Amino acid sequence: MKYLLAILLSLSSLQAATYYVDKAGHDTTGNGTAGLPWLTAGKAASVTVAGDTVMFGNGDFDEHVHETNSGTAGSLITYKAVNQGMAVIRGFRVGGSYTKLDGLKVSKYSGVGNTWGAAIRIEPTANNVTIT
């Protein structure tokens, strides 16, 4: 039984992906890799699953991100700046649980184009959300 659990945990970590978002990326022709990053975090948020990490290149990402997928206690969904504080987003709405926002700067929130009324909103259904 102990070995089966170890195998299952190993398999779940093999499925985790690292995606890249960059100002030079493209949501249609990119595939989320470091060589062909996506342009928007929204594109990345649409495909993330437990254990995935989304890495932000430097720049001002003029978008309000809405994450609805959930990670797990051992496999968070992480949104991380490659260089802490150098990736700027307008707002982030977390609807899923076990999510981590790491090193992102939230700036110039305007409320235009979203309905949640806060620069960072954690939905009542979300839990275990970490912001560093």
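1. A quick definition to start: a residue is buried when its relative accessible area is under 20%, exposed when over 50%, and partly exposed in between (1.4 Å probe, protein chains only). F92, at 0% relative accessibility, therefore counts as buried.

2. Some ground rules. You're looking at a predicted model, where local features need pLDDT of at least 70, side-chain atom pairs count only at pLDDT 80 or more, and totals for chains, interfaces and linings use all residues. Residues are numbered from 1 along each chain as its sequence is written, and side-chain values use heavy atoms, with hydrogens and water left out.

3. The overall layout: the chain has 2 helices and 9 strands, running α-β-α-β-β-β-β-β-β-β-β from the N terminus. Helices (H or I, at least four residues) and strands (E, at least two) are DSSP runs, numbered from the N terminus.

4. Of the 132 residues in the chain, 36% are buried. Take the contacts (heavy atoms within 4.5 Å) with a separation of 6 or more: 58% of them join residues 24 or more positions apart. The chain exposes about 7,100 Å², with carbon and sulfur atoms supplying 56% of that.

5. Now the aromatic rings. There are 4 aromatic pairs; rings of Phe, Tyr and Trp (its six-membered ring) pair if their centres lie within 6.5 Å, and planes under 30 degrees apart count as stacked, over 60 as edge-to-face and the rest as tilted. F56 and Y79 have ring centres 6.5 Å apart and planes at 50°, so this pair is tilted. F56 sits in strand β2 (residues 53–56) and Y79 in strand β4 (residues 77–81), so the pair ties together parts 23 residues apart in sequence. Both F56 and Y79 are buried.

6. Y79 also pairs with F92: their ring centres are 4.9 Å apart and their planes at 70°, so that pair is edge-to-face. With F92 in strand β5 (residues 87–94) and Y79 in strand β4, the link spans 13 residues in sequence.

7. What do ring pairs link into a cluster? The answer is F56, F61, Y79 and F92. The charged end of K23 sits over the ring of F61, 5.4 Å from its centre; the test is NZ of Lys or CZ of Arg within 6 Å of the ring centre and within 35 degrees of the ring normal.

8. Finally, the surface. I131, in strand β9 (residues 129–131), is partly exposed, with a relative accessible area of 46%.

How values were computed:
Accessible areas come from the Shrake-Rupley method with a 1.4 Å probe; for residues, only the protein chains shown count as cover.
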